Amino acid sequence: MLRGKGQLMQSYGGRIPDVRRIAVLRANAIGDFLFTLPALDALRAAYPDAEIVLLGQRWHEAFLAGRPGPVDRVIAIPRCRGVGEPEDFVNDTDALDQFFARMVEERFDLAIQLHGGGRYSNPFVHRLQSRFTVGLKSAEAAPLDRWMPYVYFQHEIPRYLEVVAMVGAGMVTLEPRVTLTDGDIREAAIVVPLDDAPLVVLHPGAGDPRRRWPPEKFAAVGDALAAAGARVAVVGAREDERQVVEAVVDTMRASAENLWEKLSLGGLAGLLDRCAVVVSNDSGPLHLAAAVDTPTVGIYWCFNLVNAGSLSRTLHRPQLSWRLECPVCGINCLADHCDHDASFVADLPVEQVIASALELLSGQAQSSDGVNAVP
């Protein structure tokens, strides 16, 4: 018992002295990044004079350039197996060697791994040769100087807050917030000119097909919102989202704007900020809408809500599918795994989603300052 307690004690500690430069590894998609923002805010408050450098992807550079927030600088990492790329990806060892040589020259004082269980990301962090390391650790991963165990069923936001608390960074914000730029607002106004009708956005895509609600059900929601006086737009950016966006627009009886690949990520943030409500699968646009304080109806597989669901209910109405068995082979995917990609949320009743969306559209939901979310 005493031995176990001693092992756990390595996970705790105060602030690291003389920290001038902090590297944070988080090289994946928009929703994943947004979940780290409260942890990054905590780091900024705890280390106000340090430079915070996000080791991310190219899109981080474009999205964060000139945007107020806790990140000072972005360095895009090379494609790397298990760190933003699949486990069967073949690394370009020369490119990685050159990258790590540059990172050693950065002389990081603190490197923080916010990129999963650490099987691949902890060795990545070690190659930075930072003075001190902290992060997550699954059973098979190499340890860092301070670490906490990676347990899958934990919401991502408190997970990362717990990591940075190990270096003395206490919580200052809980829900992610994104500050808009003038460029975001201008781009959104050019693509979707302002008018008097309340704007609603539907996002029928998702990186994982198992998290996609059927296009015909999104179309039914769009028609119900249009009948209530809303202007409907359907968004998507990935190549594999083009057909599903077109299917929603073509299936709707009312008119809807097809915005597939018409907005940058910043422009999308500007558009979502104008919305009365956003209806979306569990995906980046859903979490981005919440980060600009827009009401949302999110469609979740039940266990994804544990890790990625909205933390508050004033403006957000998550809708859950409780299906556990694969629709194709019948395997219980809580206890096992299969390779089928049929939707686990398709059975979610459309009436349930429409009711929540209309409630938010009508202004019955109250924002945090007591003002109606919809004028």
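Student: What makes β2 mostly covered?

Tutor: In β2, 5 of the 6 residues are buried. Buried means under 20% relative accessible area, with exposed over 50% and partly exposed in between (1.4 Å probe, protein chains only). This is a predicted model, in which local features need pLDDT of at least 70, side-chain atom pairs count only at pLDDT 80 or more, and totals for chains, interfaces and linings use all residues. Residues are numbered from 1 along each chain as its sequence is written, and side-chain values use heavy atoms, with hydrogens and water left out.

Student: How do you know that β1 and β2 pair?

Tutor: Two strands pair if DSSP finds at least two bridges between them. β1 and β2 have 5 bridges, in the parallel sense, so by that definition they are paired. One of the positions is L25, whose bridge partner in β2 is L55. Strand β3 (residues 73–76) also runs parallel to β2, joined to it by 4 bridges; here L54 has V74 of β3 as its bridge partner. Strands (E, at least two residues) and helices (H or I, at least four) are DSSP runs, numbered from the N terminus.

Student: What makes helix α3 mostly covered?

Tutor: Of the 10 residues in α3 (residues 37–46), 7 are buried. They are L37, P38, A39, L40, A42, L43 and A46. Their cover includes β1 (21–25), α2 (30–34), β2 (51–56), β6 (110–113) and α7 (156–165).

Student: Why is G222 called buried?

Tutor: Its relative accessibility is 0%, so G222 counts as buried. G222 is placed in helix α9 (residues 215–227). Leaving aside neighbours within four places in sequence, G222 is in contact with L202, V232 and M252, where contact means heavy atoms within 4.5 Å. The C-alpha atoms of G222 and L55 are separated by 38 Å, and the two residues are 167 apart along the chain.

Student: Which strands are the edge strands of the open sheet of 6 strands?

Tutor: The sheet has the order β11-β10-β9-β12-β13-β14, with parallel pairing. β11 (257–260) and β14 (319–321) are its edge strands, since each pairs on one side only. On average, neighbouring strands of this sheet are turned by 15 degrees against each other, direction ignored. Within the sheet, β9 (residues 199–203) pairs with β10 (residues 231–236) over 4 bridges, and V201 stands opposite A233 in β10.

Student: Which strands does α12 lie across?

Tutor: α12 lies across β9, β12 (275–281) and β13 (296–301), and runs at about 140 degrees to β13. Helix α14 (residues 350–361) packs on the sheet too, touching β9, β12, β13 and β14, and its direction makes about 160 degrees with that of β12.

Student: Why is α11 called oblique to α12?

Tutor: The axes of α11 (residues 265–273) and α12 (residues 284–291) cross at roughly 55 degrees and come within 9 Å. Axes are lines fitted to C-alpha atoms, for helices over the stretch in contact, and angles run from 0 to 180 degrees between N-to-C directions. Angles under 35 degrees count as roughly parallel, over 145 as roughly antiparallel, 65 to 115 as roughly perpendicular and the rest as oblique. Therefore α11 is oblique to α12. The contact is made by L265, L268, A269 and L272 of α11 with P285, L288 and A289 of α12.
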